[in-house]
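Keep the model open and follow along.

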Amino acid sequence: MAGLAQAFNFRVSLRRSTSPGPTSTGPPALTDQPTGASRSGPASGGAAGGPPDRLGDGGFQECTGLELEMEVGDHPEGGRNDGLVRGIGRVKLQPIVLKRGMLVPVPGGRADTALWDWLHGIVSGEQRAARYDGDIEVLDATGARTVSHWRFTRGLPLKITGPALNAKTGEIAVEELHIAHEGLRLEGS
């Protein structure tokens, strides 16, 4: 029975979306950065004053929302009383919820603020809503092999919850990160 309960790990990476989305307008240039204007750490490379090209890589203990639900439309036919035609409708996408984890901190031991900056920049109107594509990899118990790989596109932050601060534990991890997205697929090997 113990062999059935494996300890899975989830590796997550977020990078600036290059998909134009439904407007057919691509994201702003990511390389127009004036001399001397750079961001330190793994999230560097964004346009001047704009969001970084990469929010980083990290690990989380729990992931939910890897789900697609297709609406089905009923189309009754005149004279057919024993059934109806079912047509394909829109897909419903659930937000991805990542719990108890964090993205890799910047060198020097301080937590990277890129996630908080992403949400705050959008809410405050300081920057255009940057969208990020993401990969969620389920690793085996050893962390050496990817068991499955999910990819979502054009994600936006819905909610970020920090940890309950406790001097005894010293936790700095993100308690919850909710991401709304425009597409999800399970990648093949």
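Let's begin with Arg145 and Asp140, whose side chains meet in a salt bridge at 3.8 Å, N to O; the term means a side-chain nitrogen of Lys or Arg within 4 Å of a carboxyl oxygen of Asp or Glu. Asp140 is buried, its relative accessible area being 13% (buried is under 20%, exposed over 50%, partly exposed in between, with a 1.4 Å probe and protein chains only).

Before going on, some ground rules: this is a predicted model, in which local features need pLDDT of at least 70 and side-chain atom pairs count only at pLDDT 80 or more, while totals for chains, interfaces and linings use all residues. Residues are numbered from 1 along each chain as its sequence is written, and side-chain values use heavy atoms, with hydrogens and water left out.

The count of salt bridges comes to 12. Glu77 pairs with Arg80, the closest N and O atoms being 3.4 Å apart. Glu77 is partly exposed at 40% relative accessibility, and Arg80 is partly exposed at 36%. Then there's Arg131 with Glu182, where the closest N and O atoms are 3.1 Å apart. Arg131 sits in the loop between α1 (114-124) and β6 (132-139), and Glu182 in the loop between β8 (174-180) and β9 (183-187), so this pair ties together parts 51 residues apart in sequence. (Helices are DSSP runs of H or I with at least four residues, strands runs of E with at least two, numbered from the N terminus.) Glu182 is partly exposed, at 36% relative accessibility. Elsewhere, Arg15, Asp135 and Arg151 are linked in a salt-bridge network.

How far does the confidence go? The chain's mean pLDDT (the predictor's confidence in each residue, from 0 to 100) is 75, and 70% of its residues reach 70 or more.

Now for the inside. Leaving aside neighbours within four places in sequence, Leu115 contacts Leu14, Leu55, Leu103, Ile160, Val174 and Leu177.

Key
Contact = heavy atoms within 4.5 Å.
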